[in-house]
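Open the model in your viewer and keep the sequence panel beside it. This tour goes from one selection to the next and says what is found at each stop.

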Amino acid sequence: MKTIVIYKTKYGSTKAYAEWIAEALGCDVVDAKTVSISDLAEYDTIVYGGGLYSEVINGITLITKNADKLRDKKIAVFTTGITPQDCRAYYDTYVIEKNFKKGVPENVRIFNYPGKMILEELSAVHRAALKTLKKIMMSKENPTEMEKMLVELCDANGDFSDKTLISDLVEYVTEGK
Ligand SMILES: Cc1cc2nc3c(=O)[nH]c(=O)nc-3n(C[C@H](O)[C@H](O)[C@H](O)COP(=O)(O)O)c2cc1C
């Protein structure tokens, strides 16, 4: 069974998880920039990771736009983000609806991991985007719990990555092999 781990990253958080996962699985790990759909034909299992940016999984269209071509493969998608892991409604509903408009295919399983956001490392565009989001959320008269949480998350600053969390994905990929 041949496995590949593909990642798309802006600040290195998803790359770190991808490398931990590839090390645990003993398989290739590549930047999504260097991969095209035809390269994936030789693999039975694909692990795809992307950071969350306004709920969008960075680069996920490699998987969603090619769902038909990939339907015979076992696929694990993982996200990295700063939304707390116990906000299951955020991950299980909001993120899924935004990224898998036709629903999650049967051969795809999704995992969510805490990532990294170091404010001094962010690009000017990203810093401005967070400032605007915070301003919008703070202007709501009766903010929902989700909107209140978003205001706090705009100021999150730190590396929340945790290597021990990859075991669920590694188990999923190796089960039945
Ligand atoms: C502009 C911007 C938008 C973000 N949007 C989200 C988001 O919607 N949900 C989330 O959980 N994290 C969000 N984050 C945090 C990133 O997903 C997190 O830092 C991630 O680990 C980055 O991964 P990468 O370094 O591999 O690109 C955002 C960060 C920035 C700078």
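Helices (H or I, at least four residues) and strands (E, at least two) are DSSP runs, numbered from the N terminus. Residues are numbered from 1 along each chain as its sequence is written. The model is predicted, so local features need pLDDT of at least 70 and side-chain atom pairs count only at pLDDT 80 or more, while totals for chains, interfaces and linings use all residues; side-chain values use heavy atoms, with hydrogens and water left out.

**Stop 1: Thr80**

Select Thr80, which lies in strand E5. Is Thr80 buried or exposed? Thr80 is buried, at a relative accessible area of 5%. Buried means under 20% relative accessible area, exposed means over 50%, and partly exposed is in between (1.4 Å probe, protein chains only). Accessible areas come from the Shrake-Rupley method with a 1.4 Å probe; for residues, only the protein chains shown count as cover.

Now show the side chain of Thr14 as well: a polar contact of 3.0 Å joins it to the side chain of Thr80. A polar contact is a pair of N or O atoms within 3.5 Å; within protein, one must be able to donate a hydrogen and the other to accept it, and residues adjacent in sequence count only if both atoms are side-chain atoms. Leaving aside neighbours within four places in sequence, the residues in contact with Thr80 (heavy atoms within 4.5 Å) include Ser13, Tyr17, Leu52 and Tyr113.

**Stop 2: the ligand**

Select the ligand next. How many residues surround the ligand? There are 22, and the closest are Thr9, Thr14, Leu52, Tyr53 and Lys116. A residue counts here if one of its heavy atoms lies within 4 Å of the molecule.

Look at the backbone too. A backbone N or O atom of Lys10 is 2.7 Å from an oxygen atom of the ligand. For Tyr11 the corresponding distance is 2.9 Å, and for Glu55 it is 2.8 Å. The protein covers 94% of the 640 Å² of accessible area that the ligand has on its own.

**Stop 3: Ser54 and Glu55**

Most residues other than glycine have a negative phi. Phi is near 50° in Ser54, a positive value, and near 70° in Glu55, also a positive value. Ser54 is exposed at 58% relative accessibility, whereas Glu55 is buried at 11%.

**Stop 4: helix H3**

Select residues 88-99, the 12 residues of helix H3. H3 reaches 16 Å from its first C-alpha to its last, close to the 16 Å expected; the expected span is 1.5 Å times one less than the number of residues. Which residues of H3 are buried? They are Tyr90, Tyr91, Val95, Ile96 and Asn99. They cover an arc of only 160° around the axis, so they are on the same side of H3. The arc is that of the directions from the helix axis to the C-beta atoms. On the other side of H3, Ala89 and Glu97 are exposed. Elements that the buried residues of H3 pack against include strand E5 (74-81) and helix H5 (145-153).

**Stop 5: helix H4**

Finish with residues 124-138, helix H4. The buried residues of H4 are His126, Leu130 and Met137. Their arc is only 40° around the axis, which puts them on the same side of H4. The face turned away from that buried side of H4 carries the exposed residues Ala124, Val125, Lys131 and Lys135. Cover for the buried residues of H4 includes E3, strand E7 (116-117) and H5.
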